Amino acid sequence: MKDITTLLFDVDGTLLDTGEFILQAAEHALSSLGYEVPERSIISSNVGKPFPDFYFNLTGSHEHTEKLIDNHRGFQYSNYHLAKLFPNVPETLKTLKSKGYKLGAVTTRSKKTAHPTLVNAGIFDLFDVIICGGDTKELKPHPEPLLKALEHLGEVPEKAVMIGDSNLDIQAGKNAGTKTVRVTYGFHKDNLKEPEPDFFIEDISDLLKLL
């Protein structure tokens, strides 16, 4: 990829292995209110969606949405240790930063949970901007979070790449006008070509070969 100056990263399933962090929180929230807990594959397929949609898809109801979200976050506030780095993430981010790339993180998670997991993982300070759920009116796949990050960085979409593990990340990149890279690990390993990204990578360090 030529003329790229800026890299925007999804967090969950791309930089951080938050499988247990999210799945256990959802299982806790659902069981605490007496809901049947679905298979983990079903929970995983909804990761990345706004919380109201996430829990509506798991329960079929909006009746207890706020309480489910509160219980979900309450579990996470006490279990940041469950979020782990994927292999080669710190080294890759440090190398990219040393080469002069601007780095941004764009997540639908709230700042209250996203920031501590990035701090605990030791990569928070590597980012020039972090856009969380609540920082914008719209969430991925809407382009607003990406465009807000780019505005902060003083860069145009044509010189940026969105890297993520879900169709929401790739569609957000396309909607914003950036290049797109989909990682083949993470939460969303099915329908990798819907929509089709510009590139696939099997390990975050593969970015160094693309750039």
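This is a predicted model: local features need pLDDT of at least 70, side-chain atom pairs count only at pLDDT 80 or more; totals for chains, interfaces and linings use all residues.
A residue is classed as buried when its relative accessible area is under 20%. F51, with a relative accessible area of 21%, is partly exposed.

The two residues are also connected through their rings. A search of the whole structure finds 6 aromatic pairs. One of them is formed by F51 and Y55, whose ring centres are 6.0 Å apart and whose planes make an angle of 20 degrees, so that the pair is classed as stacked. Planes under 30 degrees apart meet that criterion. Helix α3 covers residues 51–59, and because F51 and Y55 are 4 residues apart in this helix, about one helical turn separates them.

Attention now turns to the strands. Strand β4, residues 102–110, is mostly covered, with 7 of its 9 residues buried. Strand β1, comprising residues 6–9, pairs with β4 in the parallel sense through 4 bridges. Within this pairing, F9 stands opposite A105 of β4. Strand β5, residues 129–133, likewise runs parallel to β4, and 4 bridges join them. Here S110 stands opposite G133 of β5.

Helix α6, residues 111–121, together with β4 and β5, makes a right-handed β-α-β unit.

Terms used. Residues are numbered from 1 along each chain as its sequence is written. Side-chain values use heavy atoms; hydrogens and water are left out. Rings of Phe, Tyr and Trp (its six-membered ring) pair if their centres lie within 6.5 Å; planes under 30 degrees apart count as stacked, over 60 as edge-to-face and the rest as tilted. Helices (H or I, at least four residues) and strands (E, at least two) are DSSP runs, numbered from the N terminus. Buried means under 20% relative accessible area, exposed over 50%, partly exposed in between (1.4 Å probe, protein chains only). Two strands pair if DSSP finds at least two bridges between them. A crossover is right-handed if, with the strands pointing away from the viewer, the path from the first strand over the helix to the second runs clockwise.
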